[in-house]
Amino acid sequence: MTDIIKNWHHQETDGKRRPLRGDEIKQLTAQFNSASDWSNIYVTDGFNVSKIHRCSFEGRVEIGVFSDDTLRYENITLKTGLYGSHFRDCVIGNNAAVHNLLYGSNLYIGDDVLILNVNEISSSENASFGMGISRDADHLSTAVELINENGGRAVLPFPGMTCTDAFLWSSNRADKELMSRLAEITRKSCEEICPNKGVIAQSAVILNVKAIRSALIGPDCIVDGAELITNSTVLSDSEEPTKLGAAVQIKNSIIGYGNEINSAAQLSSVITGTAVSLSQSTRICHSFIGDNSFISCCEIANSLVMPFHSQHHNNSFLIASIVGGQSNIAAGATIGSNHNSRTNDGELWAKRGFWPGLCTSFKHNCSFASFTMAAKGDYHSELDIKLPFSLLALDHQTGVPVIFPAFWFTHDMYATMRNAQKFVKRDKRVFRQHQQFIEHDILAPDTVEEIFEALYLIELWTGEASFTAKGISFDENSFDEIILEGKRVLLEDPSFCSTLAIKAKCVERGRSETILKNVSCAYNMYRSMIRYYCAKNLLPYMQENRITSFNELRSSLGTLVKQNDEEWINCGSMVITQSTYREFIELIKNPQTKIWSDVHDLFDSFSLDYINIKIAHAFYALTMLEGASPQEMQEESFWPFLREVCEDCKTIAALTLSSRAKDFSDPFRTFVYKSEEEMQCVLGSIEDSVVKQTAEEMEKLIALATQYSMEPETAAGGDDDDFFF
């Protein structure tokens, strides 16, 4: 990033520029040009004096070479050269076409830049361009106050800042040494790239803009009709051009590559990732918006939003929150709609896949497990939801929260599988391998560990409900017995389980218990999805590496296999182990880590090994599900797992199709269509790409599981090429 921005602007080099000759000054004057001092105008050999008309110059101005060509953008074609414009202390590149720039001051204008009908492009000598440094003793560093409105989690922005960087900085506030190092790293990184002039980089297009002040505009950027861009950096290149459209206002911000910002969007103290779309008068301040997010109309403030966030309704807002990405905020949703304390210091923390429904209202503080879906309702008190892939709803008669664990799996498998597929397809980043790694899969180490915690909690709450129903007394010393009783009831006596009033504890502030629904079904579906996660990671790995047994699998993974339980963190959409995360923090504190590219190298090194680490985690998850350690589990326990996987895959395929079929069979969904043909024209086929892709994936896993589930002597009797199909 440092080298890229350094190359955006021309360096002032007297050795390559010469003063104007007398005949050139005479011709420029005849072409209605003027200068406060012609001796301060420098040109390059090959300078075409006929290409400058009706311009005025102040201070030192350096001018490149203009050819007889034209520059074209869509339906606009302009002659190269300078026409009807004013320049003060500017460096102008080769073959630029600048028409009607009323005031240009302290600028580098790159090669092949097209500028038309712009009121002002200027920059101060001490501009920071939205970066978190102060080059003027009279001004403080620009800070972006994430997650909390009182500024307690503020970060200093810089070009190329990733969601992982923002998470690392904002979520470790008690580590004073780390905070100091990150600020120092930011200052050093920014000082290396901050020019002494504003920049309109090579091949950029600036049309019909009111004002651009103290800004770095990257190569091939399109700015068409913007209202104001001030103290900001806009990253762009030929492969991932950023486009800023009509009536846009951007202040004190860092805009990422491949962004599309238009339709009067207003940004103040905002950092955006790559391929972000902002439109329709959306208002965002003091926030980080992650890669591939699509936001319009709404209001977002003081939030850290991770990749693949959608929010496009005028009557929704997101305040003082951290959202783990792959999320969608519905119309009327008011997140952080009120404060339950005496100051504005509340926060809402939601992990991946947060889907609050129509007209949901949450108060600070709240915490939500991954892929929590919330039904319409005004949730009056703080919530702590620990069951992932669940539906949260309100009992409209009593106002008591109700949780349907594993709702995504049990009631809408189609949405589950669609989410597993769509984020890969929607990743618009061109150079993904050179940018932050994003975990697209909804079943990954972080969410699987959450499912394990959910299994434990459901066993605990079910055991307590069973003992209570049976009149068996228990206390905190009966912990192991409660867990065993809960697991027994859930696995062996589902009919009895269905009669129990199973309640979650410590979910809502002020309420000791919260109702759980369909617990036995959810428990078994959680287990099925863990098996599916293990199978889809382990079986292709075994096939690719020609592994024929469980013991070979364990041996091949070696030290990657987890020896004990470890927390996984969604670190800005990069899923990482707690121990690695803490190790990286200590390395960042080391003075050898000097600039942000050094920090990024640490996380990139983990992402390169992540596939194998994930496979090892799947192995560990399998042994946990079977109630053994990685060292204890035997080959004999692997075969039943494989047979169960076959049934799980059949169930997943069937549930995907049946949940999709609801749209085609429910009379209240179909009566708006005059015929089945019309319905298919509107809705498409029942067996769409999601259903077909899911069925194909399940068939492949079933085939692999069937082959590996053979007894060793049976499998060995076949042809070797048949075994590894």
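This is a predicted model: local features need pLDDT of at least 70, side-chain atom pairs count only at pLDDT 80 or more; totals for chains, interfaces and linings use all residues.
A residue counts as exposed when its relative accessible area is over 50%. Glu125, at 62% relative accessibility, is therefore exposed. The protein has 725 residues, of which 57% count as buried. There are 19 helices and 47 strands, and the C-alpha trace spans about 105 × 65 × 65 Å along its principal axes. Among contacts in the protein with a separation of 6 or more, 48% are between residues 24 or more positions apart.

- Glu125 is located in the loop that runs between strand E14 (120-122) and strand E15 (144-145).
- Apart from neighbours within four places in sequence, Glu125 has contacts with Asn106, Arg135 and Asn196.
- His86 belongs to strand E10 (residues 86-92).
- The relative accessibility of His86 is 13%, so His86 counts as buried, the limit for buried being under 20%.
- When residues up to four places away in sequence are not counted, His86 touches Ser56, Glu58, Leu101, Leu102, Tyr103 and Gly104.
- The C-alpha atoms of His86 and Ala35 are separated by 9.7 Å, and these two residues are 51 residues apart along the chain.

**Packing of helices H3 and H13**

- Two packed helices are described by the angle between their axes and by the distance between those axes.
- For helix H3 (residues 163-170) and helix H13 (residues 596-625), the angle is about 100° and the axes are 11 Å apart.
- Angles of 65 to 115 degrees count as roughly perpendicular, and H3 and H13 are therefore roughly perpendicular to each other.
- On the H3 side, the contact is made by Thr164, Asp165 and Trp169; on the H13 side, it is made by Trp596, Val599, His600 and Phe603.
- By class, the residues of this contact of H3 with H13 are four nonpolar, two polar and one charged.

**Aromatic pairs**

- The structure holds 25 aromatic pairs.
- Phe362 and Phe368 form one of the aromatic pairs, with the ring centres 5.0 Å apart and 70° between the planes.
- The pair of Phe362 and Phe368 is edge-to-face, a class that needs planes over 60 degrees apart.
- Both Phe362 and Phe368 are buried.
- The ring centres of Phe371 and Phe389 are 5.0 Å apart and their planes are at 0°, so this pair is stacked.
- Phe371 lies in the loop between strand E38 (366-368) and strand E39 (373-374), and Phe389 in the loop between strand E41 (383-385) and strand E42 (391-394), so the pair ties together parts that are 18 residues apart in sequence.
- Phe371 has 0% relative accessibility and therefore counts as buried.
- Phe389 also has a relative accessible area of 0%, so Phe389 is buried.
- Phe371 and Phe389 belong to a cluster linked by ring pairs, which also includes Trp355, Trp408, Phe409 and Tyr526.

**A charge over a ring**

- Arg60 lies over the face of Tyr42, at 4.1 Å from the ring centre.

**Backbone geometry**

- A cis peptide bond joins His364 to Asn365, with omega near -5°.
- Asn365 is placed in the loop between strand E37 (360-362) and E38.
- Ser269 is not a glycine, yet it has a positive phi of about 55°.
- Ser269 is part of strand E26 (residues 266-272) and, at 6% relative accessibility, counts as buried.
- Phe308, which is not a glycine either, has a positive phi of about 65°.
- Phe308 is found in the loop between strand E30 (299-305) and strand E31 (309-311).
- With a relative accessible area of 5%, Phe308 is buried.

Conventions. Residues are numbered from 1 along each chain as its sequence is written. Side-chain values use heavy atoms; hydrogens and water are left out. Axes are lines fitted to C-alpha atoms, for helices over the stretch in contact, and angles run from 0 to 180 degrees between N-to-C directions. Helices (H or I, at least four residues) and strands (E, at least two) are DSSP runs, numbered from the N terminus. Angles under 35 degrees count as roughly parallel, over 145 as roughly antiparallel, 65 to 115 as roughly perpendicular and the rest as oblique. Contact means heavy atoms within 4.5 Å. Ala, Val, Leu, Ile, Met, Phe, Trp, Tyr, Cys and Pro count as nonpolar, Asp, Glu, Lys and Arg as charged, and the others, Gly among them, as polar. Rings of Phe, Tyr and Trp (its six-membered ring) pair if their centres lie within 6.5 Å; planes under 30 degrees apart count as stacked, over 60 as edge-to-face and the rest as tilted. Buried means under 20% relative accessible area, exposed over 50%, partly exposed in between (1.4 Å probe, protein chains only). A charge sits over a ring if NZ of Lys or CZ of Arg is within 6 Å of the ring centre and within 35 degrees of the ring normal.
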